Amino acid sequence: MQHVLGTAISHLAPGDGPAFLISDLHVPADRGRAFELLESALGAAAAARARLFVLGDLFDSYVTARQIEVGVWRDVAASLRRAVDAGVRIDVLPGNRDFLLGAEFERASGVRLHPGGMRLRLGGVNTLLLHGDELCQNDVPYQKAKRWLRSSAVRLLARNLPLGAALRAAERARKKSATVIASGDQSRFLPTRAAVDAALSTGVRRLIFGHIHRHARVELAGREVFVLPAFDAAGVGFRIDRIGLAAVRFGARDAVEAVAEAATSLPLG
Ligand SMILES: [Mn+2]
């Protein structure tokens, strides 16, 4: 398998029909607004006969395999399953908050879960889809912790935790991460130019990622770079077809409306 910045890349068959992309839903244990927004996106994808890509952090946290049988995790899986049964193909990347998603999630939801990034021809354009955390190479403590957390021993241990212990661990990790993010030099959370160049050097013409919660579109060395905003903020994602890529907002009753242009600059670390 090809790797970019330590991320395994799945090569997918071309998808030249319409596609919707969303990222960073962070669906919380109490459902929040994100759950409703997800249902809107699923309805819109079914109505438009579009496929759906979720570029990571679908959940605010996901630790143990037992989680998919309870609460909001079970309900999200059921919603995804209804869309899949209605003919929507859904491809999901794990994010940094839900990297422990496993085969039980695929089985319950019917989506295809890929280990890292995805590469495919999308709307006629060779495209690389990433969550985006691998691009933030200046965040050295995070990149170190990531290698450790994703080792097979830690994965095995976490995914087999009893449900109560897993949920408490996830809550502690979430609080700690909020404290870390609020402290220190914020520029370390930006993608680095070198990392973006490494992703583009795979030969794609378009790179799309999320994670940094900052809607943007920029051109770098003749290639297009698009950043998805956090979906839980306003229900905004991208629509891609043969005509191009546009930002859209998902609303009630399968409505999809155009969104104003994104920032055309992206600060890089
Ligand atoms: Mn993220």
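Reader: What is the order of the strands in the open sheet of seven strands?

Author: The order is E6-E5-E4-E3-E12-E13-E14, with mixed pairing. Strands here are DSSP runs (E, at least two residues) and helices are too (H or I, at least four), numbered from the N terminus. This is a predicted model: local features need pLDDT of at least 70, side-chain atom pairs count only at pLDDT 80 or more, and totals for chains, interfaces and linings use all residues. Residues are numbered from 1 along each chain as its sequence is written.

Reader: What makes E6 and E14 the edge strands?

Author: Strand E6 (112–113) and strand E14 (256–258) each pair on one side only.

Reader: How do you know that E3 and E4 pair?

Author: Two strands pair if DSSP finds at least two bridges between them. Four bridges join E3 (residues 19–22) to E4 (residues 51–54), so these parallel strands are paired. Leu 21 has Phe 53 in E4 as its bridge partner.

Reader: Why is the unit of E3, helix H1 and E4 called right-handed?

Author: Right-handed means that, with the strands pointing away from the viewer, the path from the first strand over the helix to the second runs clockwise. The β-α-β unit of E3, H1 (residues 34–48) and E4 is right-handed. The β-α-β crossover from E4 through H2 to E5 is also right-handed.

Reader: Why is Arg 89 called partly exposed?

Author: Buried needs 20 or more other C-beta atoms within 10 Å, exposed 12 or fewer, and partly exposed lies in between, with C-beta atoms placed from the backbone. Arg 89 has 18 such neighbours, so this residue counts as partly exposed.
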